[in-house]
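Here are some exercises with worked solutions. Grab a pencil and try each one before you read on.

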There are 2 protein chains.
Amino acid sequence: MPHQTISEDPEPNSANGTSDLRQRKRIRTKQMVQKEALRLFADKGYDQTTVDDIAHAAAMSSRTFFRYFPSKEDVVLWDEYDERPMQEVLQIRPGEDPLAQLIMRVREIFADIYQKDPELLLTRTKLSFTVPEIRARFLNAQLTLIGPYLAQIADAIGAPRDDLQLPVTLAALYSAMIIAVERWQRHDGREDLLRLLDDAIAALAASATDLRDTVQTAAAAGTRPTKPKAVAAKRKS
Amino acid sequence: MPHQTISEDPEPNSANGTSDLRQRKRIRTKQMVQKEALRLFADKGYDQTTVDDIAHAAAMSSRTFFRYFPSKEDVVLWDEYDERPMQEVLQIRPGEDPLAQLIMRVREIFADIYQKDPELLLTRTKLSFTVPEIRARFLNAQLTLIGPYLAQIADAIGAPRDDLQLPVTLAALYSAMIIAVERWQRHDGREDLLRLLDDAIAALAASATDLRDTVQTAAAAGTRPTKPKAVAAKRKS
DNA sequence: GCCTGTTTGTCAGCTACTGTCAAGATGGCG
DNA sequence: CGCCATCTTGACAGTAGCTGACAAACAGGC
């Protein structure tokens, strides 16, 4: 899902009965601040734009800015989906293929955000791949999203708790999506996002075959015949 | 490869004929600073340790600290491999299966760093997954490493410049490695790193079947029929 | 129109990080 | 051995991101 930051939600409004109205207002303010910020970034560049600049453009003090966004980076990463509680967003229905559900869900979310404001998504995405700190946080957020899904899916299919299979598959899926989004952004959104997404996933499915061969090769050539149970247990407090 | 940061090398010693001796001294200093820093992190925690603390422990001014490491984070991420020029580290020989070579190379590097100082690798790795900022940079660095390899491998197999296949495969490989390393670190290094690596890659190869089915399912249910004839070119010399 | 809880600005402060410049260490070389 | 050119270092000053504390302005419900 596009930019979903892990909802570390350092703001003081979790779980307390902030009236729905105030919640909406808050979101509108965030959108407005984000808009101003992105405009400034486009003008002067991300690094050259200070938080004071943004706050000023948004007609608030910089202290207030930080009450909306925990950091300057988050202004780029944030989107409405970050407001929704995790469960609502990534609900997996038991029964049907959970992986397929996941993929569909992600497509939906992309489609939704894209269709609400294509320009906005492109701008944010470009920054997400362009500015090193943001790029780092973006990738991190994506990979971190796997965690919750993992639990859900594991439950859904009654998976071995301690297996590598599932996490590896999910991580691979996510990285395929990242490749797709990266390409989309690099081509200035000229290609169809959903299509790229599908292609990337298809490519992933296809790779696996190649990989099977490769694993053979690698195992065969293994420095240590791959059975290097050698290394000592190194405990730690 | 363990912690390989992209060599953004903002230091003033690139390409100029810094004598080999000075270079070595520099590396030894870095190691010493890193050691002190990690000790402090273990004591007081990463956030609670200021750069001044580290500099002091390393008997230098904080200004000097920054002449060795571009940021506090880098003290954790850095390892000797960052000193070596990229090409030397990731040389791909044409002919033999490049993916297999890549995998072998990564295993070697892990093995090398591990065997030089297991504790050190574990400590750094734990921090790399534990401290959010570092985690972000770590994942970013890993994924970013794909770039150069991509070019090399693409050349090696005369690949379609603009295909998704190769990047997706590499990204999947890297994310499998990350899952492996994450598990290794979470279990305090009690499991064998290389073994986990192999297992994760095997798991990735195994996901193929699941994914193929899933892609079917997803495509069938596709919001927009998406016409996934997409399953693009498989080529591979 | 008051009362309570939320939002805001101000101020003061910390830490990561950078430019500058002069002083100090070092290695190569005569 | 000693000198010079070349790093390397420390001191100082400054910027930007970010936080805690507190008091003033501002709701919305009654």
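**Exercise 1.** Find which residues are closest to DNA strand D, and sort its surroundings by class.

*Solution.* Start with the count: 18 residues surround DNA strand D, where being near means a C-beta atom, placed from the backbone, within 6 Å of the strand. The closest are Thr50(A), Ser71(A), Lys72(A), Ser61(B) and Thr64(B). Now sort by class: this surface has five nonpolar, seven polar and six charged residues. (Ala, Val, Leu, Ile, Met, Phe, Trp, Tyr, Cys and Pro count as nonpolar, Asp, Glu, Lys and Arg as charged, and the others, Gly among them, as polar.)

A word on the model: it is predicted, so local features need pLDDT of at least 70 and side-chain atom pairs 80 or more, while totals for chains, interfaces and linings use all residues. Residues are numbered from 1 along each chain as its sequence is written, with chains lettered from A and ligands numbered from 1 in written order.

**Exercise 2.** Which helix gives the most to the surface near DNA strand D?

*Solution.* That's α3(B), with three residues. (Helices are DSSP runs of H or I, at least four residues, and strands are runs of E, at least two, numbered from the N terminus.)

**Exercise 3.** Check the span of α1(B) and list its buried residues.

*Solution.* Next, Lys30(B), Val33(B), Gln34(B), Ala37(B), Leu38(B), Leu40(B) and Phe41(B) are buried (20 or more other C-beta atoms, placed from the backbone, within 10 Å of their own). Finally, Gly45(B) follows α1(B), with a positive phi near 95°.

Terms used: The expected span of a helix is 1.5 Å times one less than its number of residues. A residue is buried if 20 or more other C-beta atoms lie within 10 Å of its own, exposed if 12 or fewer, and partly exposed in between; C-beta atoms are placed from the backbone.
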